[in-house]
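These are my notebook entries on one protein chain. I record what I looked up, topic by topic.

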Amino acid sequence: MKQFFLTILLAVITLPAFSAVTITGRVIDAATKQPIEFVTVAVINPANKKTVSGTLTNEAGVFNISNIKSGDYELRVSFVGYERYSAPLKVKDTEIRLGDISLKEDAKMLKEVQVIGQGTQMRFDIDKKVFSVDQNIAAAGGSATDVLENIPAIEVDNDGNISLRNNESVEIWINGKPSGLTADNRAQILQQMPAENLESIEVMTNPSAKFNPEGTAGIINLVMKKNRKAGYYGSLSAGTTIERGKPGYNLGASINYNVKRFDMYANIGYRNMNSQGRGFTDRLNYYKGDTTQLIQNSTNGFSMGGTFFRAGIDYHINDKNTIGIGGMGHLGTPTMNTETSYLLREKPSNNILRNYSRVNKGSHEHKGYNFNLYHKIDFNNKGSNLMTNLIYSRHKNLSTQNYVQTDSLVPANKQDIDQIANGNSHGFEAKSDFTWKFTENNRLELGWSSRWNERLSVATAYEYDTLKNKTPIEAYYNKFDYNEQVHALYGTYGMRINNFSAQAGLRGEYFLSESTTTPAPSPDSKQPIKNQYFQLFPSVYLSYSLPKNQEIQLNYTRRIDRPRGRMINSFRDYSDSTNISYGNPSLRPEITSAFELNYIKTWDNHTFSSSLFYRFNDDDIERVSLVRDGQMESTFMNLTKEHDFGVELISRNKLFKILNLTSTLNMYYNRLNGSTYIDPFCDSIRFELPELKNFSWDVRVMANVMFSPTFSGQVTGNYRSAQLLAQGERQARYTMDAGLRKTFFDRKLSVNFNVRDIFNTRGFRGTTWGEGFYQYSDMQRRGRMFGLTLTYNFGNMKPKKIDRPTPASEGMDTGSDMDMD
């Protein structure tokens, strides 16, 4: 593998970087002098009027066209709502820097323009992929979780856990910042966040040293809507859903108001949903020479009502200084009621040992908010700037569970238990990012950040007798106090020479954490743990532009997965009395070295992207199940070394003028080295994990059909093959969603109808095995859902000129842009 990557690296470096001419420039609005994104820039052969090459401008309005041979050409620059720019272009043997190209607004076109084509649901950059939420008809009226389920290479499991390229170590950001989302709270927050508030989703699988290195699989960034138009613009939405006969509804409103030097926005959404799920488990237990069979059947009802809101204001002090403040918050109380029957039999005689049932009634109250204050200084029109951010977040959670267990064989053995877990967390971050562009092709980035986070959770439990007198259960008590701080410095330098680009970066981080576990009410039971270390995280990006709109890139990064929250909290969850789960305070961080080779080829109506990646880590964290004294328990462990190889192929095609097809094929090869597992809580329990080799794949197809300028449809299908896990196998599965959208009154009103999980197959089936047990499970938390959503847009309906003028407040500048904008 090392020889392979060295060969590729040598090939890229030795490519003839001087074989053709590169043309660069920037497109701006003639009146506002602001850059314009997504402008079409084309080099035309005047002899036959054919396009020789072309591109779109990026967020800074910059374009870069490579591999243009010497000769006479015509340069054409066009964008909806502006007069077309055309000028002769003479290409010699030296690079051409055109500087700023000003486009004038076309007032007549703004009144008459009618968009009859489809917007693309995916945009390719060499270092990230951007998915438009507006084009996801099947998720209209849904949540952010529903949108993520339709993104290639992303999977959302039955409990709302998110993985990217078969790896759950992924960071979820909002507008380029963590925003207080953790593995413990993001499932609830994303389920509550309305899809209508999202503009796009950015997937970065190998971010540069500029960014927080957490998340070995990469970063998923949710970009919230914030349109900058003259005057005001807003929308109102209302919808309803039906899932297995259970109704739900959603309401939303948004407003953007921009006048002179002020940009203001506000969004609020309320979601109420009800769903029903089921579960089945068949487990064989092998204990002290005896074999027993435990069969579980469960039904559950889930209900959620919650609000998500955000607002902010930007003030442009002058042409070089902007300050802004923004915030968002959420609150809600999901409830879940589960009824489970248990049958324990002796094998092979089938004698019934126990026959009992358990009713769980639980609620999970959560609320939180996040504030961001920023100041941006623009030093020149090349893109040199200084961005400073102050970020504060706070989240509270209160989980209450009541378990009533009734034994059919021994009625006197009835149990009535309340378990309460109260959690609070807050964090503060200060950061500053400096960018200096010496030229359009040379950029230096320097930055600093410091983060402080505190988390406190207390769990208590009480058992009730027949007279409803309660007694504390000391074995259920747990107090977990966790504090951490991370201080980082980074620097990156990027350059471009004709068709060749390179960027190198280094980030250094000092990490300190102190956690104290108190497993009993007595202060003498405290168990403190302290972690302190310094780590370096390098990144390297190499890119070469090939003829005929092709580009190849090789990159390397070093990333880390620091265990937090439930993974290290020793709180014991008794919601399933046959499988008690808890965290492991002794977990070590998982450090990954990641290599990725990317290739992109574009045609007028087609785009092809391929990625070859390899990840290695020597402290892989896995969820482990074991049987101790006849009781199954689940926790997290550093198991062994892990090797991940993968190939991702994406094809985007516009066919017959009405069909937009996006197809994705992912193939994964995973290898876990064999190791000896030792239970950290009981040295006498150990077993061998054999070497595991696994090949799996998945395919996803999204088809958008434009029946008319105001009527469109979408079908999304997904298939995932069977997959081996550290202690089992997950069976193959498939899903399909569909939706229709019709607009009225000059696109001011849109009606969306969709069906999620058409064949009712969105569930998880698989087997788990280990020392002392073998188990088959079949679970489905939600079922087929029908949805209807109405959205009304009001205000200034002119095409927007600038989608995200301030990367610090909306979206993220990847820091690895090989175009050196």
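Surface. I looked up the accessible surface of the chain, which comes to about 35300 Å²; 57% of this surface belongs to carbon and sulfur atoms. Such areas come from the Shrake-Rupley method with a 1.4 Å probe, and for residues only the protein chains shown count as cover.

Basis. I note that this is a predicted model, in which local features need pLDDT of at least 70 and side-chain atom pairs count only at pLDDT 80 or more, while totals for chains, interfaces and linings use all residues. Residues are numbered from 1 along each chain as its sequence is written, and side-chain values use heavy atoms, with hydrogens and water left out.

I then took contacts (heavy atoms within 4.5 Å) between residues at least 6 apart in sequence; 67% of them join residues at least 24 apart.

Secondary structure. I count 4 helices and 47 strands. These are DSSP runs numbered from the N terminus, helices (H or I) having at least four residues and strands (E) at least two.

Cores. I looked for nonpolar cores, that is, sets of buried Ala, Val, Leu, Ile, Met, Phe, Trp, Tyr and Cys residues joined through side-chain atoms within 4.5 Å. The largest has 29 residues, and Leu-148, Ile-162 and Met-193 are among those with the most contacts inside it. Elements that each supply at least two residues of this core include helix 3 (144–148), helix 4 (186–192) and strand 13 (198–204). Apart from this core lies another, of 20 residues, including Val-21 and Tyr-73.

I traced an open sheet of 3 strands in the order 30-34-33, with mixed pairing; two strands pair if DSSP finds at least two bridges between them. Strand 30 (579–581) and strand 33 (621–628) are the edge strands, each pairing on one side only. Strand 33 and strand 34 (residues 631–638) pair in the antiparallel sense over 8 bridges.

Aromatic rings. I count 24 aromatic pairs: rings of Phe, Tyr and Trp (its six-membered ring) pair if their centres lie within 6.5 Å, with planes under 30 degrees apart counted as stacked, over 60 as edge-to-face and the rest as tilted. Tyr-249 and Tyr-270 form a tilted pair, 5.9 Å centre to centre, with 35 degrees between the planes. Tyr-249 lies in strand 16 and Tyr-270 in strand 17, so the pair ties together parts that are 21 residues apart in sequence.

Methods. Buried < 20%, exposed > 50% of the residue type's maximum accessible area, 1.4 Å probe, protein only.
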